[in-house]
Amino acid sequence: NDPQREAPSNEIQAVAGCAVQDGEENKLSLYVAVARANKALAIYRISEEDLTTSQRDDESKQQQSPTTTEAFTVHKTPKRVSSLCFAKVPADTNSESSKPL
């Protein structure tokens, strides 16, 4: 193994996103999965309210700044992940509703 070819442990390897209508209020949420070279898989949920608040804060500051959010779950994977996707699967066998995975 050539140490110069090793990816930094925090380097992003794969990203997937999925927009979902949440709850009875029908608000939009964006789920984002990020896989890193250190075998960490982080899932983020960005709500419509988060985006609106961030945009309002940016406008009041008169500058553009990136939105940051904490991952709501982080998993260690046995191997590096090089591709990701979200899929909607039935919530249970008798239900027509689905949840993103």
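Start by selecting Ser29, which sits in strand β2 (helices, H or I with at least four residues, and strands, E with at least two, are DSSP runs numbered from the N terminus). Show its surroundings: not counting residues up to four places away in sequence, Ser29 touches Cys18, Ala19, Val20, Asp22, Arg45, Ile46 and Ser47, where contact means heavy atoms within 4.5 Å. Ser29 counts as buried, at 2% relative accessibility; buried means under 20% relative accessible area, exposed over 50%, and partly exposed in between, with a 1.4 Å probe and protein chains only. Now draw the side chains of Ser29 and Arg45, and you will find a polar contact of 3.0 Å joining them. Such a contact is a pair of N or O atoms within 3.5 Å; within protein, one must be able to donate a hydrogen and the other to accept it, and residues adjacent in sequence count only if both atoms are side-chain atoms.

A word on what you are viewing: this is a predicted model, in which local features need pLDDT of at least 70 and side-chain atom pairs count only at pLDDT 80 or more, while totals for chains, interfaces and linings use all residues. Residues are numbered from 1 along each chain as its sequence is written, and side-chain values use heavy atoms, with hydrogens and water left out.

A search of the whole structure finds one aromatic pair, and Tyr31 and Phe72 form it edge-to-face, 6.3 Å centre to centre with 80° between the planes. For the cut-offs, rings of Phe, Tyr and Trp (its six-membered ring) pair if their centres lie within 6.5 Å; planes under 30 degrees apart count as stacked, over 60 as edge-to-face and the rest as tilted. Tyr31 lies in β2 and Phe72 in the loop between α1 (48–61) and β4 (73–76), so the pair ties together parts that are 41 residues apart in sequence. Tyr31 is buried, at 14% relative accessible area.

In that loop between α1 and β4, click on Glu70. Glu70 is exposed, at 70% relative accessibility, and its C-alpha atom is 9.6 Å from that of Ile46, 24 residues apart along the chain.

Next, select Ala14, Ala33, Ala35, Leu41, Ile43 and Val81 together: these six residues make up the largest nonpolar core. Here a nonpolar core is a set of buried Ala, Val, Leu, Ile, Met, Phe, Trp, Tyr and Cys residues joined through side-chain atoms within 4.5 Å. Strands β2 (27–36) and β3 (40–47) each supply at least two residues of this core. The C-alpha atoms of Val81 and Ala35 are separated by 6.0 Å, although they are 46 residues apart along the chain.

Move on to Lys39, in the loop between β2 and β3. Its phi is near 70°, a positive value in a residue other than glycine. Most residues other than glycine have a negative phi. Lys39 is partly exposed, at 34%.

Last stop: the cysteines. How many disulfides does a search of the whole structure find? The search finds zero, a disulfide being a pair of cysteine sulfur atoms within 2.5 Å. The sulfur of Cys18 is 9.8 Å from the closest cysteine sulfur, in Cys85, too far for a bond. Cys18 is buried, at 14%, whereas Cys85 is exposed, at 63%.
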